[in-house]
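Welcome! Please take a look at the sequence and the model below, and then we will walk through them together.

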Amino acid sequence: MNRIVLLLSMLCMSVSTQPVIDQRRFSIAVSKVQHLHLLAQKYFSDFENSLQTEDQRQFNKFHQDFCNPDNIIIPDNKHETQRSSVLNLLLISKRLVDSWEFSIHFITWNLFPRNQVLHRLSDLKKGIQMLIEASDGAEMSDSITLPVTPFGNFYENLGGNESQKRNYELLACFKKDMHKVETYLTVAKCRLSPEANCTL
């Protein structure tokens with residue numbers, strides 16, 4: 001009888017501690033993407049401040065709706081984000097990070113710390129992949145083709161003002177996408193706490 005009670009106690013402890021493990025992993029991932037988002041904000045702001053007034057005025061016309069690759073389907077609004085499953089939010093986050101591991105190479109501004117950002121993106125992606133696997137979504141993740149680049153002119157050799165414009169657009173989109181990933185991971189983490197209010 002004592003052995004049965006002990007086994008049941010161990011089983012209950014295992015079940016009760018699982019959300020804590022998931023919360024810890026999510027907390028680490030959220031912390032990593034928050035740091036990336038802050039870096040993206042800083043370097044976009046620094047780059048914008050380095051531009052001539054006329055260039056700022058022209059570049060500000062850029063519509064950030066063009067940031068998203070067509071084959072990454074993301075929630076259209078806060079309501080859709082809140083209705084999305086944890087696994088779907090994780091998969092979208094991973095695809096966005098995947099896209100920037102490629103696209104970040106086309107930021108040519110010499111003050112942008114490309115290698116540092118790539119390292120942080122890779123580290124974040126590994127953390128998200130672990131969360132996906134814990135959510136039994138590893139097969140879905142492996143079956144997804146890597147997304148295309150957000151813009152159509154990445155492969156062109158641009159010079160002068162066009163190069164500056166592309167740097168502006170890329171930095172703006174990088175900032176926007178890191179904010180999205182931060183939002184998706186925060187909402188997914190909140191779902192693990194039934195008592196929490198996950199309203200955006």
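## A helical chain, step by step

K125 has its place in helix α5; helices (H or I, at least four residues) and strands (E, at least two) are DSSP runs, numbered from the N terminus. This is a predicted model, in which local features need pLDDT of at least 70 and side-chain atom pairs count only at pLDDT 80 or more, while totals for chains, interfaces and linings use all residues. Residues are numbered from 1 along each chain as its sequence is written, and side-chain values use heavy atoms, with hydrogens and water left out.

- K125 counts as partly exposed because its relative accessibility is 22%; buried means under 20% relative accessible area, exposed over 50%, and partly exposed in between (1.4 Å probe, protein chains only).
- Leaving aside residues up to four places away in sequence, K125 touches K94, V97, D98 and E101, where contact means heavy atoms within 4.5 Å.
- K125 and V97 sit 28 residues apart in sequence, and their C-alpha atoms are 6.5 Å apart in space.
- Helix α5 covers residues 114–134, and its 21 residues should span 30 Å at 1.5 Å a residue, which agrees with the 30 Å between its end C-alpha atoms; the expected span is 1.5 Å times one less than the number of residues.
- The buried residues in α5 include V117, L121, I128 and I132.
- After α5 comes D136, whose phi is positive, near 60 degrees.

**The whole chain**

- How many helices and how many strands does the chain have? The secondary structure comes to seven helices and zero strands.
- Of the 200 residues of the chain, 42% count as buried.
- Among contacts with a separation of 6 or more, 81% are between residues 24 or more positions apart.

**Confidence**

- The mean pLDDT of the chain is 80, and 70% of its residues reach 70 or more; pLDDT is the predictor's confidence in each residue, from 0 to 100.
- Among the elements of the chain, α5 has the highest mean pLDDT (95), and helix α6 (residues 138–143) has the lowest (52).
- Residues 4–21 have pLDDT below 50, and this stretch has zero contacts in the model beyond near neighbours in sequence.

- Q23 is found in helix α1 (residues 2–50), and Q23 counts as buried because its relative accessibility is 18%.
- Not counting residues up to four places away in sequence, Q23 touches K189, L192 and S193.
- P75 lies in the loop between α2 (53–59) and α3, and P75 is buried, with a relative accessible area of 10%.
- The contacts of P75, not counting residues up to four places away in sequence, are E80, T81, S84, I92 and Y184.

**The largest pocket**

- Rolling a probe the size of a water molecule over the atoms shows where empty space is left.
- A pocket is found on a 1 Å grid over the protein atoms alone, as an open set of points where a 1.4 Å probe fits, with protein on both sides within 12 Å along at least five of seven lines; lining residues have an atom within 4 Å of a point.
- The largest pocket has a volume of about 210 Å³, a volume being the space filled by probe spheres set on the points, which are joined across faces, edges and corners.
- Twelve residues line the largest pocket, and the closest to its centre are T81, H179, K180, T183 and Y184.
- Which helix supplies the largest share of the lining of the largest pocket? That share, five residues, comes from α7.
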